[in-house]
Amino acid sequence: MLATEGMYTGQFIYCGKKATLSIGNVLPLSAVPEGTIVCNVESKVGDRGAFARGSGTFAVVVSHDEDKGTTRLRLPSGGKKTVSSLVRAQIGVVAGGGRTDKPLLKAGNAYHKYAVKRNCWPKIRGVAKNPVEHPFGGGNHQHIGRPSTVARDRPAGRKVGLIGARRTGRLRGVKKTGQDKD
């Protein structure tokens with residue numbers, strides 16, 4: 001159960017196929033009409049929510065296929081997904097939209113942001129390190145000094161940079177996205 005935009009303290013929330021189509025309620029997708037905005041959608045029946053769970057995200061019910069018992073969703077990424085019509089979803093948009101619009105402003109805020117997540121901050125570039133710490137380290141100027149592409153089968157310490165690259169450089173021409181194909 002996630003907080004959806006428009007929820008309030010003391011609100012009654014109903015779950016099940018007989019629940020009304022109002023913000024915060026949890027219904028199976030078979031009971032949700034097409035075009036409805038939902039969030040916290042299950043991928044398998046009973047897994048308690050997998051899709052559209054980030055702040056401000058939502059999925060849209062595109063179509064129902066009664067014969068197969070499936071429902072087609074448009075996910076926040078723009079991709080489309082087919083799931084069982086028995087999976088449950090919460091009605092509405094996840095609260096906390098626009099969270100990333102405000103700048104972090106100082107390193108301390110970034111420190112606390114990532115301290116609760118995982119050890120991925122600060123990110124120190126390889127060229128800024130010493131040669132004992134990184135294959136790109138060392139030298140009298142901050143330069144890589146070797147090709148940044150590296151074979152897929154290199155040992156773990158050397159495998160940095162563009163691993164098993166088929167091509168490098170700028171992408172030229174237009175690329176078809178997932179939305180164009182459907």
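These legends describe views of one predicted protein model.

Residues are numbered from 1 along each chain as its sequence is written, and side-chain values use heavy atoms, without hydrogens and water. Because the model is predicted, local features need pLDDT of at least 70 and side-chain atom pairs count only at pLDDT 80 or more, while totals for chains, interfaces and linings use all residues.

**View 1. The whole fold.**
The protein has two helices and eight strands. Helices (H or I, at least four residues) and strands (E, at least two) are DSSP runs, numbered from the N terminus. In order from that end, the elements run β-β-β-β-β-β-α-β-β-α. The C-alpha trace spans about 70 × 40 × 30 Å along its principal axes. The radius of gyration is 23 Å, whereas a compact globule of 182 residues would have one near 16 Å. This radius is taken over C-alpha atoms, and the globule rule is 2.2 Å times the number of residues to the power 0.38. Buried residues make up 26% of the 182 residues. Buried means under 20% relative accessible area, exposed over 50%, and partly exposed in between (1.4 Å probe, protein chains only).

**View 2**
Side chains of opposite charge can pair when their charged atoms come close. A salt bridge is a side-chain nitrogen of Lys or Arg within 4 Å of a carboxyl oxygen of Asp or Glu. The whole structure holds two. In one, Arg88 meets Glu42 at 2.8 Å, N to O. Arg88 sits in strand S6 and Glu42 in the loop between strand S2 (37-39) and strand S3 (59-65), so the pair ties together parts 46 residues apart in sequence. Arg88 is partly exposed at 38%. Glu42 is buried at 2%.

**View 3. The salt bridge of Asp65 and Lys68.**
Here the side chains meet at 3.9 Å, N to O. Asp65 is partly exposed, with a relative accessible area of 27%. Lys68 is exposed, at 66%.

**View 4. A positive surface patch.**
Arg99, Lys113, Lys117 and Arg118 form this patch. Patch residues have over 30% relative accessible area and no salt bridge; like charges are joined within 9 Å, nonpolar side chains (Val, Leu, Ile, Met, Phe, Trp, Tyr) within 5 Å. Lys and Arg count as positive. Arg99 lies in the loop between strand S6 (88-91) and helix H1 (107-115). Arg99 is exposed, at 52%.

**View 5. Arg154 and its loop.**
Arg154 lies between strand S7 (149-150) and strand S8 (162-163), in a loop. Arg154 is partly exposed, at 38% relative accessibility. The C-alpha atoms of Arg154 and Asn25 are separated by 52 Å.

Conventions:
Areas by Shrake-Rupley, 256 points an atom, 1.4 Å probe, with all protein chains shown as cover. Charge placed at Lys NZ, Arg CZ, Asp CG, Glu CD.
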